[in-house]
Protein chains: 2
Amino acid sequence: MFEIIPIKGGVNAPQGFYADGVSAGLKPPLPNGAPALDVAFLYSEDVLKPFTLFTSNRFQAAPITHFKHFIKGKESNFVLINTKNANAMTGERGVQDVCDILSSLTQKFPFIQNPIMSSTGVIGQYLPKEKIIASFASFDFNAKCENAHTRAADAIRTTDAFSKEIALRVRLDNGESFCIGAMAKGAGMIQPALATMLCFITTDALVPQNEGDRILRECAKTSFNAISVDGDMSTNDSVFLFANGRSGVYNEAAFKEALKMIMHKLATDMVRDGEGSTKLVAFEVCGARDESQAICAAKALTNSLLVKTAIYGEDPNWGRIASTIGASGVECNEESLRIAFDSVVVFDRGQICFDEENEARAAAVMEQESFRITCDLGIGEGHFVAYGCDLGYRYIDINADYRS
Amino acid sequence: MFEIIPIKGGVNAPQGFYADGVSAGLKPPLPNGAPALDVAFLYSEDVLKPFTLFTSNRFQAAPITHFKHFIKGKESNFVLINTKNANAMTGERGVQDVCDILSSLTQKFPFIQNPIMSSTGVIGQYLPKEKIIASFASFDFNAKCENAHTRAADAIRTTDAFSKEIALRVRLDNGESFCIGAMAKGAGMIQPALATMLCFITTDALVPQNEGDRILRECAKTSFNAISVDGDMSTNDSVFLFANGRSGVYNEAAFKEALKMIMHKLATDMVRDGEGSTKLVAFEVCGARDESQAICAAKALTNSLLVKTAIYGEDPNWGRIASTIGASGVECNEESLRIAFDSVVVFDRGQICFDEENEARAAAVMEQESFRITCDLGIGEGHFVAYGCDLGYRYIDINADYRS
């Protein structure tokens with residue numbers, strides 16, 4: 001067995017990694033006049049091949065194209081991240097911009113090898129190259145500042161109301177241990193909003209080179225992919241896992257468990273991000289014909305505007321839930337369906353259990369910041385939990401003119 | 001050739017039909033204290049087999065189950081329509097309620113044969129049978145009141161900001177003519193909102209019994225189905241076409257053209273319905289590999305929250321449009337894609353055409369109440385136009401607590 005303990009340090013917690021955030025003038029100054037952080041770097045003392053997961057969007061942003069053409073399969077020790085500009089739909093010029101920026105970077109810092117770029121922000125504008133290159137002057141790899149990881153996590157935010165990071169120490173029974181740290185960006189209502197999700201994970205665990213990609217995909221299934229419809233991703237979505245093996249320790253079960261915890265925490269943080277949502281709802285579908293049908297129904301619920309607005313209004317309108325499941329195309333019937341808000345059953349295999357008392361209890365469940373809606377289709381063994389949020393006025397405030 | 005002329009009278013325009021609306025106390029009284037209309041009937045002097053299109057939702061409401069079990073294939077001369085209660089997810093009791101109500105109806109009015117019921121409103125509550133039955137006392141089939149059709153169209157509204165009806169006379173070259181009339185309910189953002197869509201069409205054209213269903217389906221494809229994702233329908237969606245043949249006249253091309261106009265008008269009325277939206281946008285996708293890919297991309301655009309909020313904010317954020325197309329899974333690439341707001345091209349086969357002047361012109365297009373966004377994928381001949389609207393504060397106002 002093993003033990004998992006939360007620790008401080010974010011992506012800088014595992015030995016051998018150092019991330020920091022600086023200001024390149026891409027974001028407007030803060031209300032107090034101070035420059036906002038908008039460029040981050042993640043430096044690894046060792047060169048290594050990162051494990052990756054990229055967007056399935058047909059239009060992949062220039063930094064992803066650059067990675068696939070020039071970096072994939074090579075060892076790297078650096079990621080440069082900018083916000084406010086996604087460098088997407090920018091064609092060959094967009095890729096050339098990445099090359100130019102990264103060649104300035106390696107000229108200035110010759111120890112950087114095969115650097116990777118990662119971008120998030122508005123689609124369809126060319127990168128402000130000069131500003132980003134000028135910001136390299138503020139990079140300080142020797143400061144080893146204790147707060148550097150929080151600055152990095154802050155710098156990669158776009159519409160995020162809060163920064164998202166976490167670090168865990170995994171202690172095996174024999175006393176050996178390793179660390180995993182991570183930071184991410186992505187604000188509530190990822191889907192179908194297509195807001196970019198970026199995630200950077202570091203670890204000193206000795207992850208076998210031929211297993212990292214598979215483990216990353218497995219853990220994404222119940223975390224990042226549980227907040228996004230299959231294939232419905234932004235042009236820039238990326239997950240990077242950097243493993244330098246410095247601890248000399250590895251245990252697959254323990255590593256997977258910790259990685260799942262990390263990705264689940266970051267994914268639900270994205271859903272609950274205050275800028276767009278006030279509630280985090282776990283939509284659990286069980287008893288589906290198979291897992292793919294459970295995924296289909298659960299994701300349909302997270303994407304239903306009527307369900308989202310009912311959650312915002314704290315209205316236990318279970319009819320909208322039933323109708324959404326019925327419209328999702330999965331096998332279901334009234335006689336075997338059960339719907340519950342936490343433990344309050346409102347529809348039980350053909351019977352409406354929605355008297356005044358039960359309605360009040362269901363409404364009380366919905367007043368919580370976080371709760372579960374369970375739909376048992378009563379047909380098979382398929383099970384999936386998708387995470388969604390409500391849709392309120394703030395979402396429109398933010399998105400009616402995101403570019404400004 | 002033929003001529004199509006708008007006329008008055010709604011569903012009552014064709015000879016032999018009479019619809020009216022009454023109050024059963026299902027809706028709260030109007031602000032001025034007068035009772036609101038909430039029950040409508042459509043009476044046909046001739047018994048006939050209606051042509052129908054029903055929801056593909058797995059949970060079909062009790063009135064639809066009742067129709068399929070007891071009426072389908074038989075001749076009928078009556079539809080009873082109620083609002084505020086969908087009689088959906090109500091199981092056997094829901095169907096029994098329909099039987100009880102309709103048997104009271106035929107007892108009171110013995111000339112009514114095989115009556116049909118149609119409901120819209122909240123899902124998961126049993127019908128207020130007594131109120132509906134009591135309203136029969138106000139039915140007056142002999143009044144032949146000129147405004148009866150507007151009362152019927154008013155009575156079937158739920159969250160609709162305005163009632164939706166239309167009537168056309170089709171005059172053939174030989175001087176013969178026939179009429180089509182229609183009324184509908186359904187408020188903006190039908191999809192993915194799952195608000196119920198009901199539509200009742202009457203005609204005195206001599207529509208061949210074996211062709212009506214096919215023609216209805218064909219015309220729905222570019223109208224009602226162009227405002228809704230395939231298969232993603234509410235529990236109650238229904239379209240009825242009653243043709244009594246009294247004019248003795250029929251011409252398929254002319255009939256289809258007029259029916260298309262009627263269904264297109266009612267469908268776009270639903271999208272533009274002021275309660276939830278301020279703009280009507282035609283999303284035209286052309287140059288897709290085939291029609292199914294064009295449909296897929298066009299509907300993805302109508303359903304993207306980020307696109308909807310950008311439209312509300314009159315922000316020509318074409319990057320969100322590109323990203324949504326890329327996420328929809330259709331074949332596409334930057335080098336062949338063109339995006340235009342009306343005639344203002346903002347992205348042209350790999351080139352961003354979004355200087356200050358063009359951005360201002362695109363923004364001016366979006367200030368209109370109605371405009372077109374064209375995406376030419378530049379790959380094949382697939383073409384489809386889907387109709388969508390913006391997402392603003394009013395939508396949340398209405399839907400955060402629709403049941404109240």
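How are α9(B) and α10(B) oriented to each other? They are roughly antiparallel, a label given to angles over 145 degrees, while angles under 35 degrees count as roughly parallel, 65 to 115 as roughly perpendicular and the rest as oblique.

This is a predicted model, in which local features need pLDDT of at least 70, side-chain atom pairs count only at pLDDT 80 or more, and totals for chains, interfaces and linings use all residues. Residues are numbered from 1 along each chain as its sequence is written, chains are lettered from A and ligands numbered from 1 in the order in which they are written, and side-chain values use heavy atoms, with hydrogens and water left out.

**Helix pairs**

Helices are DSSP runs (H or I, at least four residues), numbered from the N terminus. Axes are lines fitted to C-alpha atoms over the stretch in contact, and angles run from 0 to 180 degrees between N-to-C directions.

| Pair | Angle | Axis distance |
|---|---|---|
| α9(B), residues 305-312, and α10(B), residues 318-327 | roughly 160° | within 9 Å |
| α9(A), residues 305-312, and α10(A), residues 318-327 | about 160° | 9 Å |
| α6(A), residues 212-221, and α7(A), residues 252-272 | about 45° | 9 Å |

The 45° angle makes α6(A) oblique to α7(A). Their crossing is right-handed, meaning that the near helix is turned clockwise from the far one by less than a right angle; anticlockwise is left-handed. Contact means heavy atoms within 4.5 Å. On the α6(A) side, the contact residues include Arg214(A), Ile215(A) and Glu218(A). Those from α7(A) include Phe255(A), Lys256(A) and Met263(A). By class, this contact has 7 nonpolar, no polar and 5 charged residues. Here Ala, Val, Leu, Ile, Met, Phe, Trp, Tyr, Cys and Pro count as nonpolar, Asp, Glu, Lys and Arg as charged, and the others, Gly among them, as polar.

In chain A, α9(A) and α10(A) are roughly antiparallel. They cross in a left-handed way. Leu306(A), Val307(A), Thr309(A) and Ala310(A) meet Arg320(A), Ile321(A) and Thr324(A).

Glu218(A) and Arg214(A) form a salt bridge at 2.9 Å, N to O. The term needs a side-chain nitrogen of Lys or Arg within 4 Å of a carboxyl oxygen of Asp or Glu. The two residues are 4 apart in α6(A), so about one helical turn separates them. Over all chains, the structure holds 42 salt bridges.
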